[in-house]
Amino acid sequence: MTMIDLPLLPLGRGKDLSAERGVECPGDLPPASDPDLVARAVAAKKALGDKVFILGHHYQRDEVVQFADVMGDSFKLAKDAAARPEAEYIVFCGVHFMAESADILTGDDQKVILPDLAAGCSMADMARLGQVEDAWDALTDAGIADVVVPITYMNSSADIKAFCGRHGGAVCTSSNADVALEWAFAQHGPETKLLFFPDQHLGRNTAVLKLGYSLDDCIVWNPLLPNGGNTVEELRAAKVILWKGHCSVHGRFSAEVVDELRATIPDVQILVHPECAHEVVLKADLVGSTEFIINTIEAAPAGSSWAIGTELNLVKRLANAHPDKNIVFLDKTVCYCSTMNRIDLPHLVWALESLVEGTVVNQIQVDGETEKQAKIALQRMLDLPGRSHRD
Ligand code: SF4
């Protein structure tokens, strides 16, 4: 069995080019103190014209978002990029797995650029291909791999999506996880089991709260332990095998803070993302994807009060856009996604000015075989019955 081969690199400085964890960004960046950064970004974008298309994830900083041609979640942005074949350069202001998905879904002649290679995703890093293959071997030894359907969250590396493509599985987002799980459970009749990664919380919340399975039907696979920390009997009895991964942002929200806010803000409604822990989701009024959170706040009446459990850049943007509503953050401390925040204005200016000079920096390229197999898993998601496919 392969133990975790490297610790997470919270500062994003490593040499593992194939990982989500990020690597050194070798650029000669302008200093963050340069007062002309905004003017330089405007000029570079204008010089590139229709050749460049800038994507901005909802969790990005405002200083970057102001230059985005389109905003959205990771899957929407990848599809938006695919719908702009005339754009030679896709600059993805997001994290590494998102740029990979954009590269998979865009044409061969389009180049996807991540302004800072250190912008990875700690959740995606928690399921590495070697670990997942070891888990599959263990399920094979336990005699159950034939009835296990692997489902990966969009927030995973391309090689994990390709693994699902190879083994009869699919990708899901937080909007369609319930439909994806229903599809998966129909694959091998009543004996079917699921292996869900990398986010145990999305898997558990969906299986229990949307599909009606019990917590006892779900077991956790810890990649650091033999058999994931389970006996063979436990593996055979489980319906859902949840990979021991989580989002470092959404995992911070606690049930205690929900109780405190309910006690201090009259009629507050708690609105959270399904990457939050099960006990937080149980205490929330509404649970849904990033797009669901945005749409809920836009439709909320003036004067209503909301505590939102998702990334802080988005919560602040919603609060600023809706001054007639009382919007607070569902945590006592600052809670940005540290890897998302690595994309800042100096990196964006450097990437754009390099393109103006004819140099493509930080291109994200998925190899042909991985792309082919990942597309199979993505296509199975696209073929799921009626639901918008957003995370
Ligand atoms: S918010 Fe969580 S899932 Fe999204 S990129 Fe950051 S660590 Fe990954």
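You will find N227 in the loop between β8 (218-221) and α10 (232-237). Its backbone deserves a look too: phi of N227 is positive, about 55 degrees, although N227 is not a glycine.

Before going on, please keep in mind that this is a predicted model. The mean pLDDT of the chain is 91, and 92% of the residues reach 70 or more. Residues 1-13 have a pLDDT below 50, and this stretch has 23 contacts in the model beyond near neighbours in sequence. Where pLDDT is low, the predicted coordinates should not be read in detail.

Back to the backbone, then. N362 has a positive phi as well, near 50 degrees, and N362 is a residue other than glycine. Look for N362 in the loop between α15 (345-356) and α16 (368-382). N362 is buried, because 24 other C-beta atoms lie within 10 Å. There is also a cis peptide bond to point out, running from F197 to P198, with omega near -5 degrees. P198 sits in the loop between β7 (193-197) and α9 (200-210). Why mention these places at all? Most residues other than glycine have a negative phi, and most peptide bonds are trans.

Now let's step back to the overall layout. The chain is divided into domain 1 (37-119 + 339-372), domain 2 (124-248) and domain 3 (250-329). Taken over C-alpha atoms, the centres of domain 1 and domain 2 are 31 Å apart. Eight residues from domain 1 and nine residues from domain 2 make up the contact. On the domain 1 side, α3 (74-82) and α4 (96-105) each supply at least two residues. The largest share of that side, four residues, comes from α4. By type, the domain 1 side has four nonpolar residues, three polar and one charged.

So where is the ligand? It lies between domain 1 and domain 2, because both of them give residues to the shell around it. That shell has 13 residues, and the closest are C121, M123, C247, V249 and C337. The shell divides into eight nonpolar residues, four polar and one charged.

Let me finish with the database record. An unreviewed UniProt entry lists ten names under "binding site", as you can see here: H57, S74, Y153, M154, N155, S174, H273, P274, E275 and T290. I'd like to pick out two of them. What does E275 touch, leaving aside residues up to four places away in sequence? The answer is S174, D199, H201, L202, C247 and H250. E275 itself lies in the loop between β10 (269-272) and α12 (278-283). With 28 C-beta neighbours inside 10 Å, E275 counts as buried.

The other is T290, placed in helix α13 (residues 290-299). T290 counts as buried too, because it has 24 C-beta neighbours inside 10 Å.

Terms used:
Residues numbered from 1 in each chain as written. Predicted model: local features only at pLDDT ≥ 70, side-chain atom pairs only at ≥ 80, totals over all residues. Buried ≥ 20, exposed ≤ 12 C-beta atoms within 10 Å, placed from the backbone. Near = placed C-beta within 6 Å. Nonpolar A, V, L, I, M, F, W, Y, C, P; charged D, E, K, R; others polar. Domains from an automatic or database assignment. pLDDT = per-residue confidence, 0-100. Contact = placed C-beta atoms within 7 Å. UniProt positions renumbered as here; feature names shortened; annotations may be inferred.
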